[in-house]
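Biologist: Can you walk me through the side-chain contacts in this one? Keep it simple, please.
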Amino acid sequence: MDHDDQPILRVRNLKTGFVTPAGAVVAVEGVDFDVRRNEVLAIIGESGSGKTVTALSLIKLISTPPGRYLDGSIEIDGHDLLALDEKAMEAVRGRTIGMIFQNPRASLDPSFTIESQLIETLMRHESSLDRKAARSMAAKSLQEVGFSDVARVMASYPHQLSGGMCQRIGLAMVLACNPKLLIADEPTTALDVGVQAKILLLLKKRSRDTGLPIIIITHDIGVVRAIATRVLVMYGGHIQEEGEVDEVLSAPLHPYTQALIRSIPDPDQHPDAMTFIKGEPPNLLAPPRGCRFAPRCDQAIGLCHEKLPDWRAAGPGRMVRCHLALAGAAQ
Ligand code: SF4
């Protein structure tokens, strides 16, 4: 196998949970996936589907109680992250795995200029850099994310900049450290449409130019369509469907994916034609015994309420967790 075909990230049977005053919750269960170079993997689902817990699990940000890893493995470049202590994980975050989050200001310190924060980050990640070299890298990195007035941006404090500018600076900071994998959790949700498109283009360009693998967590199918090459659809803490974006969006196998796609607003349609997914996501303190989507699924049969569907191949590069889809695929 070509070295480039080896997964950068390999997640197997990941199970993470939380102990809450109301009881134990398994928020993510039986999650398996790989991420390779040149790949933009989208993880999509409603709030509470497990997509953000999956992302936080990958960088061990749920390992502090009440969060707990209950099973599975997370390997990056062949190294088992679950075997690393917190000090070793601090080195992994940023250098090996870069992260950008929904709130673009959260990663910036309001009391320092952008210049000092970028220089500090670069020198922390590359100890051989002197201040002058770090400053020059910081300026280059800001240019790469589309700033033309770099000197003004460098001299600014975060509160003097818009949310979209702060998100681009956060991205510049992460990309300047040359991570092996980038995790972007709802990176454009808080931004207006024009800025959203700019950030997605930047991510896509970086992946295309350097092969940087990206995991993007989103609830927005438009974002998946714009940037991702492969998609995982999550619901109730399980992955329900996986495949190439074009295939999953044009011919979804899982009733939950079908319902998600039907619920996208279409400006050409009358508002009454839009469908919503009836009901509520499952209470993970007491999840359904069978398929987690069964109480909301308009195709459910008796078996769905009794038995959890297996996670099985449904064609080349396609996986699905649904009794009916698997019966269809076997015909
Ligand atoms: Fe619907 Fe049954 Fe498939 Fe679950 S297993 S998605 S309930 S048809």
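Biologist: Which residue forms a salt bridge with Arg230?
Modeller: Glu39 does, with the closest N and O atoms 2.9 Å apart. A salt bridge is a side-chain nitrogen of Lys or Arg within 4 Å of a carboxyl oxygen of Asp or Glu. Bear in mind that this is a predicted model: local features need pLDDT of at least 70, side-chain atom pairs count only at pLDDT 80 or more, and totals for chains, interfaces and linings use all residues. Residues are numbered from 1 along each chain as its sequence is written, and side-chain values use heavy atoms, with hydrogens and water left out.

Biologist: Where do Arg230 and Glu39 lie?
Modeller: Arg230 lies in strand S9 (residues 230-235) and Glu39 in the loop between S2 and strand S3 (40-44), so the pair ties together parts that are 191 residues apart in sequence. Helices (H or I, at least four residues) and strands (E, at least two) are DSSP runs, numbered from the N terminus.

Biologist: Are Arg230 and Glu39 buried or exposed?
Modeller: Both are buried. Buried means under 20% relative accessible area, exposed over 50%, and partly exposed in between (1.4 Å probe, protein chains only).

Biologist: How many salt bridges are there by this rule?
Modeller: The count comes to 17. One of them pairs Glu29 with Arg292, at 3.2 Å between the closest N and O atoms. Glu29 lies in strand S2 (residues 23-35) and Arg292 in the loop between helix H10 (255-262) and helix H11 (302-306), so parts 263 residues apart in sequence are tied together. Glu29 is partly exposed at 24% relative accessible area, whereas Arg292 is buried at 9%.

Biologist: New topic. How many aromatic pairs does the structure hold?
Modeller: Three. Rings of Phe, Tyr and Trp (its six-membered ring) pair if their centres lie within 6.5 Å; planes under 30 degrees apart count as stacked, over 60 as edge-to-face and the rest as tilted. Tyr235 and Tyr256 have ring centres 4.6 Å apart and planes at 50 degrees, so this pair is tilted. Tyr235 is in strand S9 and Tyr256 in helix H10, 21 residues apart.

Biologist: And which type of pair do Tyr235 and Phe293 make?
Modeller: Their centres are 5.1 Å apart and their planes at 80 degrees, so the pair is edge-to-face. Tyr235, Tyr256 and Phe293 form one aromatic cluster. Relative accessible area is 2% for Tyr235, which is buried. Tyr256 is buried too, at 0%. Phe293 counts as buried at 3%.
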